[in-house]
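Thanks for coming. I have one structure to go through today, so please have a look at it before I start.

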Amino acid sequence: MNDFKVEFSIPFATAREADVVYQVLRVDKEPPRSGVSKNIEQKDNLLQISFFSTEIRKLRVGITSFFDSLTLITETIQQFGPPEPVNRMEHTPAPYAPRAVYGYAMYIGFNLLFLLYLIWSVVPDYILKDYLGLSYYPSKYWAIAIPVWALTALATFAFIIYPAINLLMTPDIDDIRTITDNYAQHRKETIPGGVPPVFDIPITEVCRQLYLSKEIKLKRN
């Protein structure tokens, strides 16, 4: 039986920020041995949190740990800016009505086209003319030529043209772009205790770790 209960609400600037915080916190369940249970609900830009416990000491520890996590999340949002709104109908992998309709139409259409292709390429001419009444259709030569040409073009692009484009776009060995360019991610200040952002390791640090001896490294440090 839970003798102690604490309820509070936390407002956010937007519903999107509240959703981001909710998605992060809801997966962090309280361990069974902690003696604390937690319930989180989101209503628009408001998070409603409830804590339950049989001991006031354990309840205090659970709430303190929760606010530590909440502080880290909010500081991360402040560091990287507010999250951009997303269109769930466009980005979700789950099926929804328009996607189901388009998928079904494409499935039926491609199967129908494949069936017509098989009839055109396999069924003899006299059956098409005498039994089906089809007197005008492309030569069966194209039923073989078009797939062969398409596969040849695909193989040529994949094994010759595409590698050649990559070689042309690769900078020379003495080009400054092999060291850094406009897209380089430089080291930035991080939040104490937070996850550092991704950045490119400077070429000087790479050479120092690869080629300097341990004695020189110790002297430099």
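**A walk through the model**

Arg16 and Asp19 are 3 residues apart in helix α1, residues 15-25, and that puts about one helical turn between them. The two form a salt bridge, in which the closest N and O atoms are 3.5 Å apart. How accessible are the two partners? Arg16 is partly exposed, at 26% relative accessibility. Asp19, at 10%, is buried, because buried means under 20% relative accessible area.

Before going further, please keep in mind that this is a predicted model.

Now the overall layout. The protein has 8 helices and 3 strands. Starting at the N terminus, the order of elements is β-α-β-β-α-α-α-α-α-α-α. The protein has 221 residues, and 14% of them count as buried.

Let me stay with the salt bridges for a while. How many does the structure hold? The count is 7. I have shown you one, between Arg16 and Asp19. Another pairs Asp125 with Lys140, and here the closest N and O atoms are 3.8 Å apart. Asp125 lies in helix α5, residues 125-130, while Lys140 is in the loop between α5 and α6, so the pair ties together parts that are 15 residues apart in sequence. Asp125 has a relative accessibility of 36% and counts as partly exposed. Lys140, at 23%, counts as partly exposed too.

Next, please find helix α7, residues 203-211. Glu205 and Arg208 are 3 residues apart in this helix, with about one helical turn between them. Their side chains meet in a salt bridge, at 2.7 Å from N to O. Glu205 is partly exposed, with 26% relative accessible area, and Arg208 is partly exposed at 27%. There is also a network: salt bridges that share partners join Glu55, Arg57 and Lys58.

From there we go to helix α2, residues 56-80, where Gly62 is found. Is Gly62 buried or exposed? Gly62 is buried, with a relative accessible area of 6%. Ser34 is 28 residues away from Gly62 in sequence, yet the C-alpha atoms of the two are 7.9 Å apart in space.

The next stop is a loop. Asp44 lies between β2, residues 36-43, and β3, residues 46-53. What is the phi of Asp44? The angle is positive, about 60 degrees, although Asp44 is not a glycine. For background, most residues other than glycine have a negative phi. Asp44 counts as exposed, at 57% relative accessibility, because the cut-off for exposed is over 50%.

Thr14 is 30 residues from Asp44 along the chain, and their C-alpha atoms are separated by 8.0 Å. Thr14 is in a loop as well, the one between β1, residues 4-11, and α1. Thr14 is partly exposed, with a relative accessible area of 37%.

Now turn the model to look at the surface. A nonpolar patch is formed there by Met106, Phe110, Leu112, Leu113, Leu115, Leu116, Ile119, Tyr126, Tyr131, Leu132 and Leu134. Together these residues have about 1200 Å² of accessible area. Which helix gives the most to the patch? That is helix α4, residues 97-122, with 7 residues. Leu113 is one of the patch residues and is found in helix α4. With a relative accessible area of 56%, Leu113 is exposed.

My last item is a pocket. In general, rolling a probe the size of a water molecule over the atoms shows where empty space is left. The largest pocket in this model has a volume of about 210 Å³. Which residues line the largest pocket? They are Arg177, Ile179, Thr180, Asp181, Ala184, Gln185, His186, Arg187, Asp200, Ile201, Pro202 and Ile203. Sorted by class, the lining has 5 nonpolar, 3 polar and 4 charged residues.

To recap, we went through salt bridges, of which the structure holds 7. We saw Gly62, buried in helix α2, and Asp44, which has a positive phi. We ended with the nonpolar patch of about 1200 Å² and the largest pocket, of about 210 Å³. That is all I have.

Definitions and conventions: Residues numbered from 1 in each chain as written. Predicted model: local features only at pLDDT ≥ 70, side-chain atom pairs only at ≥ 80, totals over all residues. Heavy atoms only, no water. Patch = residues over 30% accessible without salt bridge, like charges linked within 9 Å, V, L, I, M, F, W, Y side chains within 5 Å. Areas by Shrake-Rupley, 256 points an atom, 1.4 Å probe, with all protein chains shown as cover. Salt bridge = Lys/Arg side-chain N within 4 Å of Asp/Glu carboxyl O. Helix = DSSP H or I, 4+ residues; strand = E, 2+ residues; numbered from the N terminus. Buried < 20%, exposed > 50% of the residue type's maximum accessible area, 1.4 Å probe, protein only. 1 Å grid on protein atoms, 1.4 Å probe; cavity = no way out; pocket = protein on both sides within 12 Å on 5 of 7 lines; lining within 4 Å. Points joined across faces, edges and corners; volume = space filled by probe spheres on them. Nonpolar A, V, L, I, M, F, W, Y, C, P; charged D, E, K, R; others polar.
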